[in-house]
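Please examine the structure shown here with attention to its helix packing, its nonpolar cores and its backbone geometry.

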Amino acid sequence: MRAFGQSQGVSRREDLRFLTGNGRYLDDILPEGCLHAAFLRAPVAHAVITGLDTSDAAAMPGVHAVLTAEDLKAAGVTAGLWAVLTTDRLGRKGKATHRPVLANGVIRHVGEPIAIVVADTRALAQDAVEAIMLDFDERPAHLDLAPGGTPVHDTVPDNLPVEFHLGDTEAVEAAFAKAAHTTRLTVRQNRVTTVSMEPRAALAEWDGKRLHFAFNGQGVWNHKRELARVLNLDPEQVRATTPDVGGGFGMKTMQYPEQSATAQAAITLGKPVAWISDRSEAMLADNGARDLESTAELAFDADHRILAYRVETRSNLGAYNSQFGQMIQAELFSKVFTGVYDIPCATLNVQGIYTNTTPVDAYRGAGRPEAITLLERTMDMAARELGLSPFELRAKNFIVPDAFPYTTPGEMTYDVGSFARVQARAQELGDVAGFPARRAESEGKGLLRGMGFAYYIESILGEDSEGAAIEFTDTGGVKLYVGTQSNGQGHETVYAQYLADISGLPFDAIEVVQGDSDLIGRGGGTGGSRSVTVQTTATHGTAEAMVEAFAAFLEDEIEAAPFTFEDGIFSAPGSNRRLTLIEAAELARAKGRSDLLRHEKRTKLPGRSFPNGAHLCEVEIDPETGAMRLDRYLAVDDLGVLMHPQLAEGQVHGGVVQGFGQAAAEDIRFDADGQLLTGSLMDYAVPRATDVPNIRFVSDPTPSKNNPIGMKGCGEAGTVGALAAVSNAALDALWSRGVRHVDMPLTPLRIWSWLNDAKDKPA
């Protein structure tokens, strides 16, 4: 069925509209007469509301409505946001809590929405917010990553809603008892936020019977379902759509209270209502990620082979359970926490802690970067203690190719892997042999140079099935309906390219349709590096069914058999008829066979795929100031078969920069009362172009066996590898000065402090 060579890059068709200012983001599609919403947000982290007077605000010019929790109750809106509870391997289920649309009597984090104001303009709505009188009795905030303290929820008096255990404790303890060497390392993962190009936004329209809800998310179907549930509507009364989206990172996967409040305001008023977040709101109210402390221990035999691995983690869940509230650092962490090494037994223990910080903890691949960063930093420390190179220790412990399929202690089955080969290529291309000379050159300039290495593996997550539909239009075009949602990754290009590749349909004739629950009945959305793998597998299956149906039709119509399809052309022995799919569809239309003008199929992956790779970087540190510079970065990635090499490379580049940002600078901070200290880009440092060198990307694929194309996904690969690689490089640079531990973020002040502390310690 292949018409053209696979993995041939074509220009991104989206770029023309994006680069010329013709993108259709949510703020670009507001209807005429649309009203605007603004929210009164909690000024403290924890309090009991004692008074809420909205009368002055409601009387202000241009204000159409002010809604509070009491108004929502009167309208029958009492349900809380969707919450997923984790059940651990011992059968213990996490504790449930209620997250209201608007704060109902209790404030649980700074920025929590308390009231929504709807006015003619956003400025008028914001002015009215200032006129609301809020009285409250402040309560102590719980910020520590430990049980106890003032309860965030009365139903969870110890602030410990979930304890998750995985693995064979007895086997691990026995392995540690006989170990020749053990390594122990505690790592703190700093809390970060998204800073997506386009902040969250929502538009709600009510025609008296149906709700149209548009938002900039990562999939429409969960939102359709949850809006219907929260607002007491039949699901068929809700149409959810998504226009262009300026960045998602998992943060835009989940439901938020502002969405339901905006929709209820539109229903109450019978007019369209829009809410467009600004950057300060995003810092306060977006879901955060990371913020956990983990202790890892590795046990080795006398030959430096790993015997066992155990991890204890405490994770900040934020103030509420939400869509992934209890899962993020438990079940997701467990998917890859033993990495690419042949580890006989392991245990993972995760405590999820409630704090009065951000709403919930969930996005940017949370779980996988933490797991790999912890393991790879512990492996690096073990290599130092054992007197081995970091490459030698890893090579001794990799899962070997003939051991696949390999089931980890976390009960994940890896289908394929060539880890030693990929590492060896990184050592060669990264000129590891030339590092001593580069280090000496840096020392000659008074700088400290370090090399950092990390080998990561991740699992594509999310729903492992997806559907696709191919429809022939009466204008000669083709529509490809997909169940994922682009956030800027280039889906419109790669999906159309793949369909053109396997079918011979003209690339320019294919329109990719996404993000409309009326047009697409079901979909898994985008997240967990799942999109291209599951969606092209579904497209592949749909295209095969389409070709089979048209072949049968042509055999009956032209009375020649068997019709074959090759290089985009139908043909049959004994017939001079040769037809493309477009021509076959035109013939079917002429014959009244409308059933052949749309083909749809849903496919399920037989197993997940596991992107992996070797990341190698070098940093230079000025010991006088603590300033760190990323000098070299190499990513040798096994992402399976690449559908579009340039898009894959771009995603890896972006992921590396994101990982470097967390490792070097990004850090959400709160004061002792839970007040956000990093509430703007003046306080929260994101990486800039001048911070990052040219990133070299090399593809070294071993095709996956769990999909017909051999893909593995790549959306989070750069981030997962970069966090540990940069951290290990910084420690390597500082080691000669007596520094034995570093933690992210690696800011100049922290590095300078570690260097000065090391001066006062004995060698």
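The paragraphs below treat helix pairs, then the cores, then individual backbone positions.

The model is predicted, and local features are described only where pLDDT is at least 70. The crossing of α17 past α18 is right-handed. On the α17 side, the contact is made by Val 652, Gly 655, Val 656, Gln 658, Gly 659, Phe 660, Gln 662 and Ala 663. On the α18 side, Gly 718, Thr 719, Ala 722, Leu 723 and Val 726 take part. By class, the residues of this contact comprise 7 nonpolar, 6 polar and no charged.

A second pair consists of helix α14, residues 491-503, and helix α15, residues 531-558. Their axes come within 10 Å and cross at roughly 30 degrees. Because angles under 35 degrees count as roughly parallel, α14 and α15 are described as roughly parallel to each other. The crossing of this pair is right-handed. From α14, the residues His 491, Val 494, Tyr 495, Tyr 498, Leu 499 and Ile 502 meet a set in α15. That set is Ser 531, Val 532, Gln 535, Thr 536, Thr 539, His 540 and Ala 543. The contact of α14 with α15 has 7 nonpolar, 6 polar and no charged residues.

The nonpolar cores come next. In soluble globular proteins, nonpolar side chains tend to be buried together. The largest nonpolar core in this model holds 95 residues. Which of its members touch the most others? They are Tyr 309, Phe 337, Tyr 341, Tyr 455, Met 628, Tyr 633 and Leu 734. Helix α18 supplies the largest share of this core, 12 residues.

Phe 333 is located in helix α9, residues 331-336. With a relative accessible area of 0%, Phe 333 is buried, since the cut-off for that class is under 20%. Between Phe 333 and Leu 348 the separation is 15 residues in sequence and 8.9 Å in space, C-alpha to C-alpha.

The backbone itself remains. Most residues other than glycine have a negative phi, and most peptide bonds are trans. Where are the cis bonds described here? One runs from Phe 404 to Pro 405, with omega near -5 degrees. Pro 405 is in the loop between α11 (390-397) and β16 (406-407). Another cis peptide bond joins Met 744 to Pro 745, with omega near 0 degrees. Pro 745 belongs to the loop between α18 and α19 (748-759).

Glu 411 has a phi of about 65 degrees and sits in the loop between β16 and β17 (413-414). Asp 567 has a phi of about 55 degrees and is placed in the loop between β22 (564-566) and β23 (569-571). Are these side chains buried or exposed? Glu 411 is exposed, with a relative accessible area of 55%, and Asp 567 is exposed at 53%.

Definitions and conventions:
Residues numbered from 1 in each chain as written. Predicted model: local features only at pLDDT ≥ 70, side-chain atom pairs only at ≥ 80, totals over all residues. Heavy atoms only, no water. Left-handed = near helix turned anticlockwise from the far one by under 90°. Helix = DSSP H or I, 4+ residues; strand = E, 2+ residues; numbered from the N terminus. Contact = heavy atoms within 4.5 Å. Nonpolar A, V, L, I, M, F, W, Y, C, P; charged D, E, K, R; others polar. Core = buried A, V, L, I, M, F, W, Y, C linked by side-chain atoms within 4.5 Å. Buried < 20%, exposed > 50% of the residue type's maximum accessible area, 1.4 Å probe, protein only. Axes fitted to C-alpha atoms, helices over the stretch in contact; angles between N-to-C directions. Parallel < 35°, antiparallel > 145°, perpendicular 65-115°, else oblique.
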